[in-house]
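Morning, everyone. I have one structure to show you today. Have a look at it, and then I'll talk you through it.

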Amino acid sequence: MEQTSLNNRNESFYSQIEKFGIRRRTVYNLIREYGELTAQEIKSKMVLGVNQVSGRITELKELFYIVPVGSKNGVSRVKNTIWRVTAPVERDSLIHEELINLSIEKHNLEFDINNYFISNGLKEMGVKRLTKINELIKKLEK
């Protein structure tokens, strides 16, 4: 019974990857194939601008498909983050933890906005952050 549950979870995980856009899927597959890569290394393998690669890395990172594992000096002698793919069970755990953190932050922010006298500027910043939190929660719950 547990094996069926694991198979269903893994199948769902990999079906989501197939829905990625071509660049996001290519970045993901390169990291999966080579084990660990920096944005610069991915850029050289894809022949794209580093900004196009870093945007895809950010998307994958926010959804916990990849995680940082360290850093190393790149060509420009500036430290570059090394990325690796997460396993489905690891991703589930990371998402669960992030959803808890976002829920706590959302609750605290809503409490502060509704119960303290704060300037309109601070209130506006709080509402923008709440919007971002709600968007992140929605993405992670898919």
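This is a predicted model: local features need pLDDT of at least 70, side-chain atom pairs count only at pLDDT 80 or more; totals for chains, interfaces and linings use all residues.

Layout first. The chain has 6 helices and 3 strands. Reading from the N terminus, the order is α-α-β-α-α-β-β-α-α. There are 142 residues, and 29% of them count as buried. Now contacts along the sequence. Take those with a separation of 6 or more: 52% come from residues 24 or more positions apart.

Next, the helix pair. These are α2, residues 22-34, and α3, residues 39-46. Their axes come within 11 Å. The crossing angle is roughly 110°. Angles of 65 to 115 degrees count as roughly perpendicular, so that is the label for α2 and α3. The crossing is right-handed.

Which residues in α2 and α3 meet? On the α2 side, they are R23, T26, V27, L30, I31 and Y34. On the α3 side, they are I42, K45 and M46. By type, this contact has 6 nonpolar residues, 1 polar and 2 charged.

Last stop: N80. This residue sits in strand β3, which spans residues 79-85. Is N80 buried or exposed? Its relative accessibility is 16%. The cut-off for buried is under 20%, so N80 counts as buried.

What does the side chain of N80 reach? The backbone oxygen of V78, at 3.2 Å. Now set aside neighbours within four places in sequence. N80 then contacts T38 and Q40, plus G70, S71, K72, N73 and G74.

That's my tour. Over to you.

Notes. Residues are numbered from 1 along each chain as its sequence is written. Side-chain values use heavy atoms; hydrogens and water are left out. Axes are lines fitted to C-alpha atoms, for helices over the stretch in contact, and angles run from 0 to 180 degrees between N-to-C directions. Helices (H or I, at least four residues) and strands (E, at least two) are DSSP runs, numbered from the N terminus. Angles under 35 degrees count as roughly parallel, over 145 as roughly antiparallel, 65 to 115 as roughly perpendicular and the rest as oblique. A crossing is left-handed if the near helix is turned anticlockwise from the far one by less than a right angle, and right-handed if clockwise. Contact means heavy atoms within 4.5 Å. Ala, Val, Leu, Ile, Met, Phe, Trp, Tyr, Cys and Pro count as nonpolar, Asp, Glu, Lys and Arg as charged, and the others, Gly among them, as polar. Buried means under 20% relative accessible area, exposed over 50%, partly exposed in between (1.4 Å probe, protein chains only). A polar contact is a pair of N or O atoms within 3.5 Å; within protein, one must be able to donate a hydrogen and the other to accept it, and residues adjacent in sequence count only if both atoms are side-chain atoms.
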